[in-house]
Amino acid sequence: QRRRPLTAMLRAILCAAVAFAAVDAATLLHAPTLRMRGGGKHFPNLPDSVKPGVVTGQALKDLLQTAKDKGFAIPAVNCVTSSSVNQVLEAAKKYNCPVMIQFSNGGSQFYAGKALDNPKETLKACVLGSIAGAHHVRLMAEHYGVPVVLHSDHCAKKLLPWFDGMLDADEKYFKEHGEPLFSSHMIDLSEEPLNENIELCVKYMTRMAKMNCLLEMELGITGGEEDGVNNENVDNASLYSQPDEVWQVYKALAAVPNSMFTIAAAFGNVHGVYKPGNVQLRPDILGNAQKYIKEQLKCKEDKPVNFVFHGGSGSEKDKIDTAVKNGVIKMNIDTDIQWASWDGIRKFEKEKHDYLQGQIGNPEGADKPNKKFYDPRVWLRKSEESAVERLGEAFKDLHCVNALG
């Protein structure tokens, strides 16, 4: 008789244990997962918000913060054709990295076609070319399975009609899709007085913040020459930004509700590739600025500013490392990719020279056709392959290889 209550008790305990186990299993299956940066559902090393395709708004903010936290930067590559876009996407997929695709004013005009009218009042061809490029990136990026920051490059004061045209397209896209067409835009008013630079940046940041679009601004001048802008003979002092100047920009832009911004502070960087020793990079300037702004903000974060490295082509590896350690989350690489693209064609022409002197006739016979050598798909592919390889080197330099996990 005593065994019956004991048996009943054991059965009750067993049933309760099974019930609790079932509840726990259900909780694990259906409860939301708390994720910190990394371990995301789309990429093991990135937050949940970052998905394949063009990233905007909070996802962009999370991606850049993760880059800074984990000590890598994202290469930004200027594209001028659909082929150059595709080679960047291919490289990002091959090396398992996020990437930035950007369009300059001149590159956008080329994308639209040099024969298209481009009046100064509207810069119509530049606007249309950048929008066409943006839609191409949006269509393809998701299928390459990588996160892409879609960006426009340097916009000087005289090019603001182009900037306004892109923002018009962003606002239209935002109404339809809840996000801007582009992830971000750069406005370069570094040749203007600092007060005017800041004032105009705040004006545009206010407009862009309403649609979760990031603003990149330039402080100080990037030397060298690119895309028709020549700063080879500027005053040397303007090539190095001061911590207080960075603070003035940070304070003004941070005051805009919902603002997202990056700062391209000058630390001796130049566009193009120059003889070693002719360029005096001082990425320690970025570290000094971070310390200064941390003191002003009285914050815990050691690197409150997201810095951008312009003129990355040809830079010394140790200077790149220091820049990334000091909060650089993006590095522009254009000139080196231009050379790599051309070098692929140059090597192909050298190897197949005798097959490229006419439509018919080569070393194999006077009546042999050469179409399979001069078909644009052949030599353009050589260009793409060469660029992809050089981009792999850039990803490595920026500690970005396998950043997706």
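**Reading the model**

A: Strand β13 (residues 360-362) and strand β14 (residues 365-369) pair in the antiparallel sense over two bridges. Strands pair if DSSP finds at least two bridges between them; strands (E, at least two residues) and helices (H or I, at least four) are DSSP runs, numbered from the N terminus. This is a predicted model, where local features need pLDDT of at least 70, side-chain atom pairs count only at pLDDT 80 or more, and totals for chains, interfaces and linings use all residues. Residues are numbered from 1 along each chain as its sequence is written, and side-chain values use heavy atoms, with hydrogens and water left out.

Q: Which residue stands opposite I360, and what do β13 and β14 form?

A: I360 faces P369 in β14. The two strands, β13 and β14, form a hairpin with two residues between them.

Q: How are two packed helices described?

A: By the angle between their axes and the distance between the axes. Axes are lines fitted to C-alpha atoms, for helices over the stretch in contact, and angles run from 0 to 180 degrees between N-to-C directions. Here, the axes of helix α3 (residues 82-95) and helix α5 (residues 124-144) come within 10 Å and cross at roughly 25°. That makes α3 roughly parallel to α5 (under 35 degrees; over 145 is roughly antiparallel, 65 to 115 roughly perpendicular and the rest oblique).

Q: Which residues of α3 and α5 meet?

A: In α3, S82, V85, N86, L89, E90 and K93 meet H136, V137, M140, A141 and Y144 of α5; contact means heavy atoms within 4.5 Å.

Q: How do α5 and α6 pack?

A: α5 and helix α6 (residues 160-177) pack at about 40°, with their axes 9 Å apart. α5 and α6 are therefore oblique to each other. Residues in this contact include V127 and I131 of α5 and W162 and M166 of α6.

Q: How many aromatic pairs does the structure hold?

A: Rings of Phe, Tyr and Trp (its six-membered ring) pair if their centres lie within 6.5 Å; planes under 30 degrees apart count as stacked, over 60 as edge-to-face and the rest as tilted. The structure holds seven aromatic pairs. In one of them, the ring centres of Y95 and F395 are 5.9 Å apart and the planes are at 45°, so the pair is tilted. Y95 is in helix α3 and F395 in helix α13 (residues 376-397), 300 residues apart.

Q: Where does N258 lie?

A: N258 is in the loop between α8 (243-254) and β9 (261-265). N258 has a positive phi of about 65° although it is not a glycine.
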